[in-house]
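Colleague: I'd like to learn how to read a few features of this model with you. Could you give me the general idea each time, and then the case at hand?

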Amino acid sequence: MPNVRVVSRNFMEMVAALPAAKLDELYGSPWTCQAVVRSLPPLAKQYVLRLLFVEAAVSSKSIQDWALPDALNKHKVAIDKLEQLRVLIEATERRKEVSYKLNPRLQKQLQDVLKTGGGVPRESLPASFAARVPSLVDLENYAMKQWEAVLLQLVSSAFAEASTVPMNSTLTATFQRAGLITTPKGKEPPKITDAGFQFLLMDTNSQLWQIVREYVASAEDRGMDSAELISFLLELGFLNIGEPYNLNTLSPMQQNVIKELAALGVLQIQSGTKDRWFIPTKLASNLSASISETSGVQPGEGFVVVETNFRIYAYTTSKLQAEILRLFVRLEYQLPNLVVGSLTKESVSTAFASGISSDEMISFLSKHAHPHAAKKTPVVPETVTDQIRLWENDRNRVQMSPAYMYKEFPTVETFEAVDNYARDIGALLWDEPSTQRLVGKAERHEEMRNFIRRQSSAPQRR
Amino acid sequence: MDALNATDDISQVVILLEANPYFWGGRSNGAHSTGPANFTFDRFLEHVLLFINSLHLLNQANRIVVIATGATSCAYLYDSNAAELSENARTARVSKKLSVVEKITQKLEDFMSKEAVYDLNQGTEDNRYSLLSGSLSMALCYIQRILRGPSPHPLPRILCLQGTPDAPPQYIAVMNAIFSAQRSLVPIDACIVGNHHSAFLQQATHITGGIYMKPPAPEGLFEYLSMVFATDLYSRKFLQLPRASGVDFRASCFCHKKSIDMGFVCSVCLSIFCKGQRTCTTCNAIFAPSKQPNPAAAAAQKRKVS
């Protein structure tokens, strides 16, 4: 699924888009530095490690010599990325050749990390609290439940009648910013958009990142410093899962963030008589880790079995999963732990109409395949995948493109000359020599008109 | 999702740490020193710990295992995976807070005291050599477990930090380990910290497609480790890496474990002997005395007769 990667990479692009001074400020935190390094392409990581203890500027040529001649493209991508994130800074030398240096702040932080072995950003609370902390299994269930609640909110706006879940205003605003649901006009409740449908079919990590990204993007409007927010979010990812951390020592801004993240299931807040503390869940570790390529691994077991007769059996108790399936499957009956449905032309076409593509459906079905079904190859029967693709092609029988029609040519020769010219420049869409009419692409109209003028006649054009 | 993502740079690195007390101890005495005198075990360990930290820095999903290669035994020192696995236990929560450095040094102390005990019980005949075959086998066993585990697993590789010279008695065991590594597509890298080149490891790296290197200045070990051996298998396709200048392909004979240029080979099981035999000691095949011995054998025969 190509868009997953785009989404997860985008966060670092956001970091890269920060002004230089702010970016340098971010590199004051060892956690940001580590997260940034880990987000880099593999080759770029190696470059950082190689330059880590080099104080002097290194000429770009000697860096290029590290790479094999065949891998020049990869090398350029790596260097570009490093420059974008200001990990590498161009050092001006007297000589003309370009040379690079590691960002001194980042360099220092990373050196410290290597010497001390990293550790955790803040001390967890003493073991006396540990007894009251939920077990990891409970914590994961909690995280999943919270996250499902978030998605259910989105789904509930897809089916107007099912608005049983009370809407959380921050979330709704975030969804709206992300373009997942429409901004309400008048009294009409917000409706889910095409992007929203696609969002539902993504894996949890990508979803989380998209939400967090929007959250950061809107930070400035709410009077938060986005650089500070980013570094705090990245720091959260380095905390140990399932350990309690004191909430009271955080700055007010950070406490605010914690509260909002708790709604997403990224962490759980508990309070005792005097203290309040938060416990990061598995989702929190994804904050710094999701950029890694393994994010495709789906947490939790698969549950969907697709049969060659288009029947779908989903062993799930989750309301959310049933709702997501409902997007493109006609549900036939629901048992306490089983949902049975079938893929029909109508159900799939409705999904296409909401902007879900065949690839997204198929990848959802194969990613969530039941362990028994996942052993088979292909996971989703070919008949089913082919049919879904055929149904999609059905919708694309008509192609629209803006065009101009040229007709009433004075002579057959002019028509033929124009016709040939249009074919040569690739502007021809349709022609009919018997009636001397032809249709050309709108964007090539200028060239066509000039050519026809040069034919020293004035054809009428419409 | 059986095949790994092509752009994956997650690695499972198994480091075989030279921990032969006689090798490092002999060094400070200067008596029969086999390496540069100013490179002590402490310094060596510092470099390796930095290297381990940098592997963790490169990718949080990188997994690292350290196995100590001693004179009489081998032991797991560190497994970055184990901390995560035992998370459920409440007691593990406390022990998890120990840093990598503390974990390794603690285990290393245990290991050394055990080595001392073994040493008292056994003769000190061959303590110049480390149990490379043992630690290689342990590494391969560990990797097999990873490879057979849940399907998206990291790409494994082995890094030998070897200081002691090759132990001829281990020849067969080491070669078997090398071939099994080759079969499971596990590259063996070798970084020699001692004074002698290792023919075993030259062959190992050559056969498995790993990197062999003997740093000219072991004091800067970390530099070599980070420049060369930190490179993950994916990036190796794009980077210039040192190539072995020459590989010592000499085999050792099965009878006296001497490395030889020319010898006798059993026609049935391909065992190598430095002297002509009537029967093969490995497969018990009986050799008929041939009328026309090949020139090499004939030369050896003559030498033996005279």
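Colleague: Let's start with helix 4 of chain A: which of its residues are buried?

Modeller: Buried means under 20% relative accessible area, exposed means over 50%, and partly exposed is in between, with a 1.4 Å probe and protein chains only. Helices (H or I, at least four residues) and strands (E, at least two) are DSSP runs, numbered from the N terminus. In helix 4 of chain A the buried residues are A:Pro42, A:Leu43, A:Ala44, A:Lys45, A:Gln46, A:Tyr47, A:Val48, A:Leu49, A:Arg50 and A:Leu51. That is 10 of the 10 residues of the helix (residues 42-51), so the rest of the structure largely encloses it.

Colleague: Before we go on, what sort of model is this, and how are things labelled?

Modeller: It is a predicted model, where local features need pLDDT of at least 70 and side-chain atom pairs count only at pLDDT 80 or more, while totals for chains, interfaces and linings use all residues. Residues are numbered from 1 along each chain as its sequence is written, chains are lettered from A and ligands numbered from 1 in the order in which they are written, and side-chain values use heavy atoms, with hydrogens and water left out.

Colleague: Then how do I read confidence, and where is it lowest and highest in chain B?

Modeller: pLDDT is the predictor's confidence in each residue, from 0 to 100. Where it is low, the predicted coordinates should not be read in detail. Chain B averages 78, and 78% of its residues score at least 70. The lowest spot in chain B is helix 4 (residues 90-95) of chain B, with a mean of 41, and the highest is strand 5 (residues 188-192) of chain B, at 92. Residues 1-7 of chain B have a pLDDT below 50, and beyond near neighbours in sequence that stretch has 11 contacts in the model. Residues 298-306 of chain B are also below 50, with 3 such contacts. Contact here means heavy atoms within 4.5 Å.

Colleague: And how is chain B put together overall?

Modeller: Chain B has 10 helices and 10 strands. Of its 306 residues, 49% are buried. If you take contacts between residues at least 6 apart in sequence, 65% of them join residues at least 24 apart.

Colleague: Can we try a single residue? Where does B:Thr69 sit, and is it buried or exposed?

Modeller: B:Thr69 is in strand 2 (residues 63-69) of chain B. Its relative accessible area is 3%, so it counts as buried. Skipping neighbours within four places in sequence, B:Thr69 has contacts that include B:Leu16, B:Cys74, B:Phe111 and B:Ser135.

Colleague: Last one: how do I read a sheet, and in what order do its strands run in chain A?

Modeller: Two strands pair if DSSP finds at least two bridges between them. Here 4 strands of chain A make an open, antiparallel sheet in the order 7-8-10-9. Strand 7 (304-306) and strand 9 (330-335) of chain A are at the edges with a single partner strand each, so one side of each has no neighbour in the sheet. Strand 9 pairs with strand 10 (residues 338-342) of chain A over 5 bridges, in the antiparallel sense. Within that pairing, A:Gln334 has A:Val339 in strand 10 of chain A as its bridge partner.
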